[in-house]
Amino acid sequence: MKKRKFGLVLSSVLAASAILGACGTKEEDKSKKENENASTDESNKGDVFSVAMVTDVGGVDDKSFNQSAWEGVQAYGKEHNLKKGDGGFDYLQSKSDADYDSNLNALLRRDFNLIYGIGFMMEDSISAIAEENPDNKFAIIDAEVKADNVVSVLFKEQEGAFLAGVAAAKMSKSGKIGFVGGVDIPVINRFEAGFFEGAKAVNPKIEITSKYTAAFDKADLGKVTANSMYSSGVDVIFHAAGATGNGVFSEAKERKKKDPNANIWVIGVDADQYEEGKVDDKTNVTLTSMLKGVNTAVVDISNKAKKGEFPGGETLTYGLAEDGVKLADSRGAIPEDVLKVIEEYKEKIAKGEIKVPEKVGK
């Protein structure tokens, strides 16, 4: 009887040991697997290169250069399977120039690897904050900041605007065209200068009215300015005014709706603004748009920085030769004979045969 009890006890002990041993093995395997997963997570985390941007007052949906930059940031994020937010890609919108510094500092606190300042208006803020944070990487669009941790991105807007001027002068029936600029700064001066040169190249007698609204975020000012120009006989307006230019489209569409036979056109800027000119399913007032490859530049620089090739301290300039500026598809609005003339001038500028000035009258 005692032997039988002892045998039962021994069997119970052995069984318990086996169970405990198995549990121990499972716990060890689980722990090992968790450690491996943690290592993998840390490895993936180390490969991530996050990017963010601060808009100027035009806003991320300005249908212009802020929006184009944001499209570039999103494209970079999609390419590298990043999500919007910390550790991925994001943007902060500036309602006034007083927001520039606070927005840039907010992104710094969130540890983004590369931060973009979009627009000439952010030059001072990027310059000061880059100096205060030498170990962080910055990029600025449409301005030049001399610092080893900043890459400056400029475009030869005057070259693309030259082609817009050719299109406007060729498509005008009244012999009067207009330019609506935002703030009177070098980058917008380049748009104006190129537009004047292109128009005069194909029609020396063309009349050009130019007006600066002193704002990139006032659609009402764009509308009032366009109303004045169209009322004076101007039939093609090229705007370089950010969200203010949305008002130019509004005025043109209203006039076209009232008189479908009116020769009323708008040339958009920075991004393809065809949708902005839509009056109805059959009518559109967008003649073409002068595209500026802000999105392409953002993706290019972000990828270089991710690979450890950040071009800090450099100024990168994109023109017709670099495919940095060009005209958008007119969707049939510009006839083939005019397109041929535009192409001829494009080739001459790209080859350096024509040098387009950066200011009117120079």
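Is Lys 223 buried, partly exposed or exposed, and at what relative accessibility? At 26% relative accessibility, Lys 223 counts as partly exposed, where buried means under 20% relative accessible area, exposed over 50%, and partly exposed in between (1.4 Å probe, protein chains only). The structure is a predicted model, in which local features need pLDDT of at least 70, side-chain atom pairs count only at pLDDT 80 or more, and totals for chains, interfaces and linings use all residues. Residues are numbered from 1 along each chain as its sequence is written, and side-chain values use heavy atoms, with hydrogens and water left out.

A search of the whole structure finds 14 salt bridges, a salt bridge being a side-chain nitrogen of Lys or Arg within 4 Å of a carboxyl oxygen of Asp or Glu. Side chains of opposite charge can pair when their charged atoms come close. Helices (H or I, at least four residues) and strands (E, at least two) are DSSP runs, numbered from the N terminus. Glu 251 is buried, with a relative accessible area of 4%.

Glu 251 also meets the side chain of Arg 255 in a salt bridge of 2.8 Å, N to O. Both Glu 251 and Arg 255 lie in helix H8, four residues apart, which is about one turn of the helix. Arg 255 is partly exposed, its relative accessible area being 24%.

A further salt bridge joins Asp 323 to Lys 326, with 3.9 Å between the closest N and O atoms. Asp 323 is partly exposed at a relative accessible area of 48%, and Lys 326 is likewise counted as partly exposed, at 32% relative accessibility. Elsewhere, a network of salt bridges links Lys 84, Asp 86, Asp 90 and Arg 110.

Glu 343, Glu 344, Glu 347 and Glu 353 form a negative surface patch. Patches are made of residues with over 30% relative accessible area and no salt bridge, like charges being joined within 9 Å and nonpolar side chains (Val, Leu, Ile, Met, Phe, Trp, Tyr) within 5 Å. Accessible areas come from the Shrake-Rupley method with a 1.4 Å probe, and for residues only the protein chains shown count as cover. Lys and Arg count as positive and Asp and Glu as negative, whereas His and the chain ends are not counted; the place of a charge is taken as NZ of Lys, CZ of Arg, CG of Asp or CD of Glu. Glu 353 is exposed, with a relative accessible area of 55%.

Helix H6 (residues 186-202) has 17 residues and reaches 25 Å from its first C-alpha to its last, close to the 24 Å expected at 1.5 Å a residue; the expected span is 1.5 Å times one less than the number of residues. Of the 17 residues of H6, 12 are buried, so the helix is largely enclosed by the rest of the structure. Among them are Arg 190, Glu 192, Phe 195 and Phe 196.

Helix H9 (residues 294-306) has 13 residues, and its first and last C-alpha atoms span 18 Å, close to the expected 18 Å. The buried residues of H9 include Val 294, Val 298, Ile 301 and Ser 302. Ser 302 has 0% relative accessibility and counts as buried. The C-alpha atoms of Ser 302 and Gly 77 are separated by 9.7 Å, although these residues are 225 apart along the chain. After H9 comes Gly 308, with a positive phi near 80°.

Positive phi values also occur in residues other than glycine. Lys 63 has a phi of about 60° and lies in the loop between strand E1 (51-54) and helix H2 (65-79); at 30% relative accessibility, Lys 63 counts as partly exposed. For Arg 331, phi is near 55°. Arg 331 is placed in the loop between strand E12 (325-327) and H10, and is partly exposed at 42% relative accessibility.
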